[in-house]
Amino acid sequence: MVIACPSCNGLNRLPTQKPALEARCGKCKQPLFSGEPLELTAANFSAHANKSELPLVVDFWAGWCGPCQSFAPVFSQAARELEPHFRFGKINTEQQQQLAAQFNIRSIPTLMLFKQGKVVAQQAGALPKQAFYQWLSQYK
Ligand SMILES: [Zn+2]
């Protein structure tokens, strides 16, 4: 499976029989999984959404949005618990207006699941932890 490095965005081919959580990037030697959501920007989005074969879960959020703040710990916990099945990324819609426009984000938080560049699922509004995990489990 091809996985983009969260540190340098370099692409790594990971043999399926190797434990993914212990894998390090061939380029920068940093771990391929950190257990934390990745900050996505116009610069690194394509590597993780299009080139990586790992499903990418994106939380479109903004600093002024209360429901985003309350959902943030759930999203972080999911990154700790559900890697390496998914990559978790956050897009700050105030800073990344181009990405927010590209995906037509009208309400936040919006959750989106990408598989190799395609949006396979979309959810407007935050979910409680259990519902979020259930939503994700369909796309593992
Ligand atoms: Zn790297």
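Author: Start with burial: a residue is buried under 20% relative accessible area, exposed over 50%, and partly exposed in between. The model is a predicted one.

Reader: Why is Cys28 called partly exposed?

Author: Its relative accessible area is 26%. Cys25, at 2%, is buried.

Reader: What makes the site of the zinc ion tetrahedral?

Author: The protein donors are the SG atoms of Cys5, Cys8, Cys25 and Cys28, 2.3 Å from the zinc ion. Four donors count as tetrahedral if all angles lie between 85 and 135 degrees. Here the angles among the four donor atoms are 105 to 114°, and the site is tetrahedral. Along the chain, the donors follow the spacing C-x2-C-x16-C-x2-C.

Reader: How do you know that the buried residues of H4 line one face of the helix?

Author: The buried residues of H4 are Phe132, Tyr133, Trp135 and Leu136. Seen down the helix axis, they fall within an arc of 160°, so they line one face. On the other side of H4, Gln130 and Gln134 are exposed.

Reader: Why is the pair of Phe60 and Phe103 called tilted?

Author: Their ring centres are 6.3 Å apart and the angle between the planes is 55°. Under 30 degrees is stacked, over 60 is edge-to-face, and the rest is tilted, so 55° falls in the rest. For Phe86 and Phe88 the planes are at 65°, so that pair is edge-to-face.

Notes: Residues numbered from 1 in each chain as written. Predicted model: local features only at pLDDT ≥ 70, side-chain atom pairs only at ≥ 80, totals over all residues. Heavy atoms only, no water. Buried < 20%, exposed > 50% of the residue type's maximum accessible area, 1.4 Å probe, protein only. Helix = DSSP H or I, 4+ residues; strand = E, 2+ residues; numbered from the N terminus. Arc of directions from axis to C-beta. Donors = N, O, S within 2.8 Å, 3.2 Å for Na, K, Ca; no water. Tetrahedral: all angles 85-135°; square planar, octahedral: opposite > 155°, others 65-115°. Phe/Tyr/Trp six-rings, centres within 6.5 Å; stacked < 30°, edge-to-face > 60°.
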